[in-house]
Amino acid sequence: MTDTPLLEVRGLQKFFPITRGFLQRTVGQVRAVDGVDFTVNEGETLGLVGESGCGKTTASRCILRAIDPTGGQILYRTRSGQVVDLAALPQAELLPLRAEIQMIFQDPFGSHNPRMTLLDNVGEPLLVNGMKSRRERTDRVAELLRLVGLRPEFMHRFPHAFSGGQRQRIGIARALVLDPKLVIADEAVSALDVSIQAQVLNLLEDLKGEFGLTY
C-alpha cells in the first residue's frame with residue numbers, strides 16, 4: 001500500500017469543436033468537460049454524480065483514452081508503481097496499460113457483439129493481449145463466469161439468449177478477465193430493472209473485495 005493515489009485527475013478538459021460551412025470551419029466549442037479534479041485511492045469507490053449530459057461518460061472515456069482530452073492531467077499509478085500521465089502518453093505506451101484499466105458499459109445489450117458467443121465476447125481481450133491458446137482462454141472465461149454467477153456451460157451461447165441482468169454480468173466478467181486494477185463503471189446498473197440493480201451492485205462489491213479492485 002502506498003500514499004500515492006491510484007488515480008489523480010487534475011484540470012481535465014474535453015472540448016468538441018462546432019463546425020459550419022463547406023470548409024467545416026470551427027466556429028465554437030462544446031465544453032463537455034472543463035476543469036474536473038478528483039483523486040481515487042487504491043481500494044476506494046468514487047462516484048461522479050450529475051444530470052444527464054453533464055460530461056460523466058466523457059470524463060470516463062478520457063481516463064481510458066478512448067478519446068483524447070483537450071487539457072489537464074490524468075496521473076495513474078501503474079502496477080509497477082510508476083506514476084504516468086495518461087493524457088500525455090502516445091498510443092504505443094498506452095497499450096501495455098490497457099489491461100490495468102477496464103470499463104463496464106452502461107448498455108448491457110449494445111456492448112456485446114451479437115455474432116460472437118460468450119466465450120469469444122469475454123475472451124477477446126485475452127486474445128488481443130497475447131493468449132493464443134483457446135483452451136487457456138476457455139478456462140479463464142469459465143472461471144470468470146462462475147465468479148459473476150453464471151454457469152460456465154453458457155459460454156457457447158450468444159448474447160441474445162440472456163436477460164439484461166445476465167448480460168451485465170457478462171460485461172463485468174469481460175472487464176475483469178485481464179485482472180485490472182481500476183474499473184470504470186459507466187452507470188453500470190441504470191439500464192437494469194430495479195429488482196436486478198441491487199444484485200449487480202452486491203456482486204460488484206463482492207468482486208471488489210476478492211480482487212482488490214478500485215472503482
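Me: Before we start, what does "buried" mean here?
Reply: This is a predicted model, and the word rests on relative accessible area. Over 50% is exposed, and partly exposed lies in between. Buried means under 20%.

Me: Good. Is K56 buried or exposed?
Reply: K56 has a relative accessible area of 15%. The cut-off for buried is under 20%, so K56 counts as buried.

Me: And which residue forms a salt bridge with K56?
Reply: Side chains of opposite charge can pair when their charged atoms come close. For K56, the closest N and O atoms of the pair are 4.0 Å apart. The partner is E187.

Me: How many residues apart in sequence are the parts that K56 and E187 tie together?
Reply: K56 lies in helix α1, while E187 is in the loop between β6 (182-185) and α6 (194-211). E187 is partly exposed, at 36%. The pair therefore ties together parts whose separation in sequence is 131 residues.

Me: What about R65 and D68: how far apart are the closest N and O atoms of their salt bridge?
Reply: R65 is buried at 8% relative accessibility, whereas D68 is partly exposed at 40%. Their side chains form a salt bridge, and the closest N and O atoms are apart by 2.8 Å.

Me: Which residue does E8 meet in a salt bridge?
Reply: E8 is partly exposed, with a relative accessible area of 21%. The N to O distance is 3.1 Å, and the partner is R10.

Me: How many salt bridges are there in the whole structure?
Reply: The pairs we went through include E8 with R10 and K56 with E187. A search of the whole structure gives a total of eight.

Me: Over how many bridges do β1 and β2 pair?
Reply: Strand β1 covers residues 7-20, and its pairing with β2 is antiparallel. One of the bridges joins R20 to R25 in β2. In total, β1 and β2 pair over 12 bridges.

Me: Last one: the charged end of K14 sits over the ring of which residue?
Reply: The charged end is 5.1 Å from the centre of the ring. That ring belongs to F16.

Note on methods:
Residues numbered from 1 in each chain as written. Predicted model: local features only at pLDDT ≥ 70, side-chain atom pairs only at ≥ 80, totals over all residues. Heavy atoms only, no water. Pairing = 2+ DSSP bridges. Helix = DSSP H or I, 4+ residues; strand = E, 2+ residues; numbered from the N terminus. Lys NZ or Arg CZ within 6 Å of the ring centre and 35° of its normal. Buried < 20%, exposed > 50% of the residue type's maximum accessible area, 1.4 Å probe, protein only.
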